[in-house]
Amino acid sequence: LDPAECLERLKFETLLVDLSAQFIHLPAKQVEAEIEKAQRRICECLGLDLAALWQWEAGAPDVFTLTHHYRRTEEPPITRQLDGAQPVPWARREILAGRCVLVSSLDDVPERAGREVESWRSFGLKNALICPLAVGGAAPFGALSFHDMVAPRTWSDALVQRLKLVAQIFANALARMRYEDTLRDGEERLKLATEAAEAAPWAFDVQNACFWVGGRIREMFGLPPGDRMTLEDFIGLVHPDDRPAIGRTIEQALHSRELAVVEYRIVRPDGQVRWMCSRGRARVQEARNEGQGARDEGR
């Protein structure tokens, strides 16, 4: 390699290291904005004209939605959504199979890629490098493409490998963002469900003999705010006649690891007597019994 080429390679590899470190520590809510900034940096570093990131919904890989892109010019207009089975059927099959699509010139493509050539030319593209977006051996959930719009180029093996690394960096960041979004949605649904059922989650730490509880349980028990209740404090609130049943149920849950259910009365600090129903099951990997305190039926 000549000095200029070595310098360009070093410059891009430095950029890769920087992007990798950045996205590893990037909060999920910042991923969207930083991907397009990264696309710009990559295109400017390599002299590319266009980078486009497409995603599709799980179970519906036919419709591609353009979610992130960078382009040097604004013409022609970019299509935001494509039916992959129509304009790019060959490329779609390759991507869904986890293979990269590599086209250095539209004059040198497989015969089965005729629709792709027509579609790419309509967008003013001279070539294409398209990498699947996937993590952990799962099916691809999108694709990252790079293109020239002025003149074709030969995609060297070294460049292809580096751009595949970029695709992996983006895929990991997007997968983490999707996971956190799903987790947040699940927590919100659980919150709504427990509120509708007048239920509240709790966890029992066997080693420290204490319950970890939320505000709803402390409200039901008539306790001040906090997130911890010792086993002794809990037993002290249970009606004396129901304490033996509570003790047997805790032992059953810890030793059988089956779902345990117990109904009992509590005597709140203000003197009110309330019926409660608790359900719990011990975790296999942790000495912890988790479940839900459920019903408040009377005083």
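My entries follow, one topic at a time.

**Entry 1: the model.** I note that this is a predicted model.

**Entry 2: helix α8.** I looked up the length of α8, which covers residues 243-256. How far apart are its end C-alpha atoms? I find 20 Å. The helix has 14 residues, and at 1.5 Å a residue they should span 20 Å, so the two values agree.

Next I checked burial in α8. Ile 246, Thr 249, Ile 250 and Ala 253 are buried. Seen down the helix axis, the buried residues of α8 fall within an arc of 100°, so they line one face. What sits on the other side of α8? There I find Arg 248 and His 255, and they are exposed. Just after the helix comes Arg 257, with a positive phi of about 60°.

**Entry 3: the largest pocket.** I looked up its volume and got about 220 Å³. Then I listed the lining.

Which elements supply at least two residues each? They are α1 (3-24), α2 (31-46) and α5 (157-196). The most comes from α1, with four residues. By class, I have five nonpolar, one polar and four charged residues in this lining.

**Entry 4: the second largest pocket.** Here the volume is about 160 Å³. Its lining includes Gly 98, Arg 99 and Cys 100. Cys 131, Pro 132 and Ala 134 are also among the lining residues. Lys 164, Leu 165, Ala 167 and Gln 168 line it too. Two or more residues come from β5 (128-133), and likewise from α5. The largest share is that of α5, with four residues. By class, I wrote down six nonpolar, two polar and two charged residues.

**Entry 5: cysteines.** How many disulfides does the structure hold? I find zero. Cys 100 is in no disulfide. Its nearest cysteine sulfur belongs to Cys 131, 3.8 Å away. A disulfide needs the two sulfur atoms within 2.5 Å. Both Cys 100 and Cys 131 are in the lining of the second largest pocket.

Is Cys 43 buried or exposed? It has 0% relative accessibility, so I count Cys 43 as buried. Cys 100 has 27%, so it counts as partly exposed.

Note on methods. Residues are numbered from 1 along each chain as its sequence is written. This is a predicted model: local features need pLDDT of at least 70, side-chain atom pairs count only at pLDDT 80 or more; totals for chains, interfaces and linings use all residues. Side-chain values use heavy atoms; hydrogens and water are left out. The expected span of a helix is 1.5 Å times one less than its number of residues. Buried means under 20% relative accessible area, exposed over 50%, partly exposed in between (1.4 Å probe, protein chains only). The arc is that of the directions from the helix axis to the C-beta atoms. On a 1 Å grid over the protein atoms alone, a cavity is a set of points where a 1.4 Å probe fits but cannot get out, and a pocket is an open set with protein on both sides within 12 Å along at least five of seven lines; lining residues have an atom within 4 Å of a point. Grid points are joined across faces, edges and corners, and a volume is the space filled by probe spheres set on the points. Ala, Val, Leu, Ile, Met, Phe, Trp, Tyr, Cys and Pro count as nonpolar, Asp, Glu, Lys and Arg as charged, and the others, Gly among them, as polar.
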